[in-house]
Amino acid sequence: MTAGCTGALRGGILYLTLDTRGSSVNVFTPAVALELERELEAGLEAGARAVVVQSKKPGSFINGVGLLLAASSHSEEAAMERAHALQRCYLSLAAAPVPTIAAIEGNCYGCGLELALTCDYRIARDSYDTHFYMPELRDYAFIPLFGATQRLPRLLGLGAGLRLLLGERLDARRALRLGLIDRLAPDLRKALPGFLSGLRARGWPKRELRRPPQRPLPRLADLPGPERQLARECLRLSRLTLRRGYRLEDGLRDELAGFWRTVGTRDSERAMSFFFIRQAAKAHAIGSALYRRPERLKVHVDRSLPALARLFRLRPLPGVQLGPAAGADIAFAAKKIRGVLTCAVGSLQPDADCSALLPLAGEDVPPLELVPTNREMPWRAGAPLFQFLEQAGFAPVVSRARGRFVSKRLLDALTAALREAPSAQVRSELLEFGFRLPKAVARRLGSRKARRRQKNLAGRAVEALAREAIRALDDGTLVHPSQADLLAHLLCGFPVVRGGLLRCAAGSKSPIARSARRVLGQR
Amino acid sequence: MTPRPVRVFALRGPRGTLVRVGQSEGKGIERIACRSPGLGRFGDILAMMLFGMSEPGDDEPVRRGGGEEQRPRCPLGRAHVCKGISVENSLQGPHPARVSNDTPMTARRSRKREPELFPAVRAALEPLVAKSLRKRITPQASILADLGLDSLKVVELTVLLEKELGRPVFLPEWIASVNDPAELTVESLALFLTEQK
């Protein structure tokens with residue numbers, strides 16, 4: 001039985017297929033890396049002319065290196081032992097004497113993207129669930145360690161490379177425009193033979209790096225306070241590639257040292273714990289944190305919701321068909337459609353199966369609060385809707401709101417707490433604390449007329465949000481603290497390095513600390 | 001044998017202390033700097049050996065298996081100099097006085113005793129572990145290497161544990177408390193949950 005990688009030589013092409021056993025996504029563990037390395041070596045010895053790295057999971061190329069391993073490797077020896085096993089695999093793929101191609105379908109995150117970067121060519125499926133994202137700095141507060149700081153700037157240029165390192169999400173089409181991938185196709189199985197034929201016709205060339213177009217650098221001063229230092233380190237590492245006499249091996253060594261300096265910090269530990277908060281909220285919402293949805297789904301969007309229909313059209317997913325209400329599995333409409341899971345958008349509708357609020361539609365990953373009418377939690381019947389929305393790039397959260405959506409309650413509480421303070425002060429202090437305020441929320445906070453500066457605005461923001469979240473937990477509107485933490489993060493950009501709203505409040509000296517500890521079950 | 005410096009770390013729990021002797025200090029593992037009531041017998045004994053503290057209640061009878069027996073005096077004395085001690089999971093190990101005091105000295109598990117919350121942890125793990133691996137759910141099993149759990153399944157485990165225990169559970173603190181992923185065992189999880197009670 002394999003850990004997650006098999007190799008097959010067909011027609012002179014070595015296909016390395018990733019399929020992590022027992023998981024809904026591919027996780028690139030040291031055991032998988034070892035298998036990939038062995039299969040690669042065996043395939044090259046058998047005379048492979050090209051290597052294709054592909055995934056057997058429908059929605060995941062590689063989702064990560066295994067957060068459990070990263071979060072529990074606290075001694076340098078343990079961390080480095082695992083990092084070296086993985087690094088060896090990356091280096092052997094990069095050093096393969098034949099062209100290597102990453103065929104990407106589904107999420108390509110973190111070390112998965114770094115693996116794709118070691119390949120000469122990248123082709124991707126043209127669907128919205130094919131996403132490229134480096135979560136290391138933004139979600140886990142450490143420096144990537146498998147070559148992203150060295151390979152991204154050389155491929156995309158310093159500006160675009162750094163943006164991706166800082167946590168910009170790219171869908172497949174944007175990735176093609178930037179030059180991260182070489183070809184986009186609706187069906188990779190059909191596109192791959194053509195791509196390989198092209199390589200064969202040119203004599204199986206390895207890729208030659210060209211000078212990438214230079215785009216402006218992101219302004220590091222605009223980043224939340226806790227991320228700035230890491231971003232500067234990323235910029236320093238990326239700039240190494242511009243030095244005369246630069247050697248990739250030296251850059252990779254520097255990057256690994258940067259990783260080790262940042263991974264064991266308190267910020268990083270808290271940030272990694274936020275992954276569990278996010279997934280726990282999902283598990284409490286629909287009964288499972290696993291990543292899957294029906295292979296075929298017919299979705300209807302009512303004419304009264306043109307903005308939502310446009311968003312869905314811009315975010316095509318394999319197997320999802322937008323169409324009429326008749327025969328649909330899911331409908332977004334104002335009133336219940338018989339025989340269809342109907343979701344009423346904008347207000348709480350007792351007739352529909354559920355109601356939804358999209359408070360920040362302009363965001364890259366817009367949060368969306370879902371309220372099942374039958375108040376069932378976990379809402380297993382709503383799992384296909386939840387998973388569809390998640391893969392279409394929304395951030396769904398399920399609540400049992402009555403009268404008002406919890407999202408509105410939290411946003412109103414935050415606005416009220418900071419009403420008297422000057423807007424500029426609110427924005428700068430919250431940014432320093434680590435808040436990544438969505439533009440629509442930032443506009444609502446503070447007063448433009450106010451002149452007198454006020455004290456501890458971040459503390460007041462945390463207290464106001466936590467107070468409202470505890471109220472929602474106490475009245476049963478939210479069923480688990482993780483949902484409150486996730487809502488605060490999605491709506492107000494609450495920083496992951498603080499380890500969740502309620503834990504942050506519980507550890508503070510504010511009057512709400514005791515109640516926060518109570519809802520968290522802490523002594 | 002050349003004496004080599006050792007450092008002692010203790011993971012405290014209400015039922016005892018997981019004492020580790022190693023070369024480097026890891027996060028979440030507390031270095032024994034002084035003895036405290038929560039340290040447990042082995043922590044006390046090692047603290048006594050290494051820091052020259054006297055063991056409390058040396059002469060008090062200790063309960064073992066329902067009967068009573070006299071706790072033996074530690075023959076190593078207050079000024080013992082530690083040379084290359086190796087202690088493996090000393091939670092239920094015997095008193096070091098009963099082990100040869102030749103160096104290196106190894107305290108071995110005398111008998112297996114399941115942690116208090118092991119049944120609850122096993123019940124939560126069973127639906128998540130492949131049928132063929134279920135017989136491997138023992139206190140010593142690693143949740144990564146032996147039971148094949150990944151981070152998403154640990155989230156599912158959190159939800160199932162919350163159902164079993166009827167209270168919120170936050171496993172990142174447990175994950176952060178170990179030094180090496182191999183230490184993420186069923187037993188350490190049960191001890192962590194007991195400590196959180």
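Reader: How many aromatic pairs does a search of the whole structure find over all chains?

Author: This is a predicted model, in which local features need pLDDT of at least 70 and side-chain atom pairs count only at pLDDT 80 or more, while totals for chains, interfaces and linings use all residues. Residues are numbered from 1 along each chain as written, chains are lettered from A and ligands numbered from 1 in written order, and side-chain values use heavy atoms, without hydrogens and water. Rings of Phe, Tyr and Trp (its six-membered ring) pair if their centres lie within 6.5 Å; planes under 30 degrees apart are stacked, over 60 edge-to-face, the rest tilted. Over all chains, the number of aromatic pairs is 13.

Reader: How many residues apart in sequence are the parts that A:Phe28 and A:Tyr90 tie together?

Author: The two ring centres are 5.8 Å apart and the planes stand at 85 degrees, so the pair is edge-to-face. Both A:Phe28 and A:Tyr90 are buried (under 20% relative accessible area with a 1.4 Å probe, protein chains only; exposed is over 50%, partly exposed in between). A:Phe28 lies in the loop between strand S2 and helix H1 of chain A and A:Tyr90 in helix H3, so the separation of the parts tied together is 62 residues.

Reader: Over the ring of which residue does the charged end of A:Arg315 sit?

Author: Ring pairs link A:Phe312, A:Phe332, A:Phe388 and A:Phe394 into a cluster. A charge sits over a ring if NZ of Lys or CZ of Arg is within 6 Å of the ring centre and within 35 degrees of the ring normal. At 5.3 Å from the ring centre, the charged end of A:Arg315 sits over A:Phe394.

Key: Helices (H or I, at least four residues) and strands (E, at least two) are DSSP runs, numbered from the N terminus.
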